[in-house]
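Hi everyone, thanks for coming. Let me put my structure up on the screen, and then we'll walk through it together.

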Amino acid sequence: MMKFFSSVLLLSTSTFLCALAPTGAAQAQTTFDVTILAGACANCHGTDGRSPGGIPSLAGRPASVLQAQMLAYKSESPPPGTTIMNRLAKGYSDTEIEALAQHFSKLSSVVTPLKLERR
């Protein structure tokens, strides 16, 4: 009888642990891709961090500056005049902020114009 309960317990535990293991799709979702995070910045800071308007561009700025600014926005006492960045920055981990800073620092701040062919 004890052997039966041990077998049932082992089978139940194995089934439970298998259910907790991520599937291929779940594993793909947990892969960190900074370009997906950076896409959210495009709403205000322009495509690839190149702002077309009055909001500062992110592309080409030093990673240390971008990271320090994001951490300041995330802090309990954000810089004066902060609009929405203090709320947005709180949604990122310090690791994600560092990755975003590195990402934007590697992008050129210069927009290359498209060359159109005339026919």
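Okay, here's something to start with: of the contacts in the chain with a separation of 6 or more, what percentage comes from residues 24 or more positions apart? It's 54%, where a contact means heavy atoms within 4.5 Å.

A quick word on what you're looking at. This is a predicted model, so local features need pLDDT of at least 70 and side-chain atom pairs count only at pLDDT 80 or more, while totals for chains, interfaces and linings use all residues. Residues are numbered from 1 along each chain as its sequence is written, and side-chain values use heavy atoms, with hydrogens and water left out.

Now the overall layout. The chain has six helices and zero strands, going by DSSP runs numbered from the N terminus (H or I of at least four residues for helices, E of at least two for strands). So if you read along the sequence, you get α-α-α-α-α-α.

How much of the chain is buried? Of its 119 residues, 19% count as buried. Buried means under 20% relative accessible area, exposed means over 50%, and partly exposed is in between, with a 1.4 Å probe and protein chains only. The accessible surface comes to about 9100 Å², worked out by the Shrake-Rupley method with a 1.4 Å probe. Carbon and sulfur atoms account for 62% of that surface.

On to the charged pairs. Side chains of opposite charge can pair when their charged atoms come close. How many salt bridges does the structure hold? Three, each being a side-chain nitrogen of Lys or Arg within 4 Å of a carboxyl oxygen of Asp or Glu.

Let's take Asp 94 and Lys 74, whose closest N and O atoms are 2.9 Å apart. This pair links distant parts of the chain: Asp 94 sits in helix H6 (residues 94-105) and Lys 74 in helix H4 (residues 63-74), 20 residues apart. Asp 94 is partly exposed at 47%, and Lys 74 is also partly exposed, at 23%.

Then there's Glu 76 with Lys 90, at 3.9 Å from N to O. Glu 76 is exposed at 75%, whereas Lys 90 is partly exposed at 44%.

That leaves Asp 48 and Arg 50, which meet at 3.6 Å, N to O. Asp 48 is partly exposed, with a relative accessible area of 40%.
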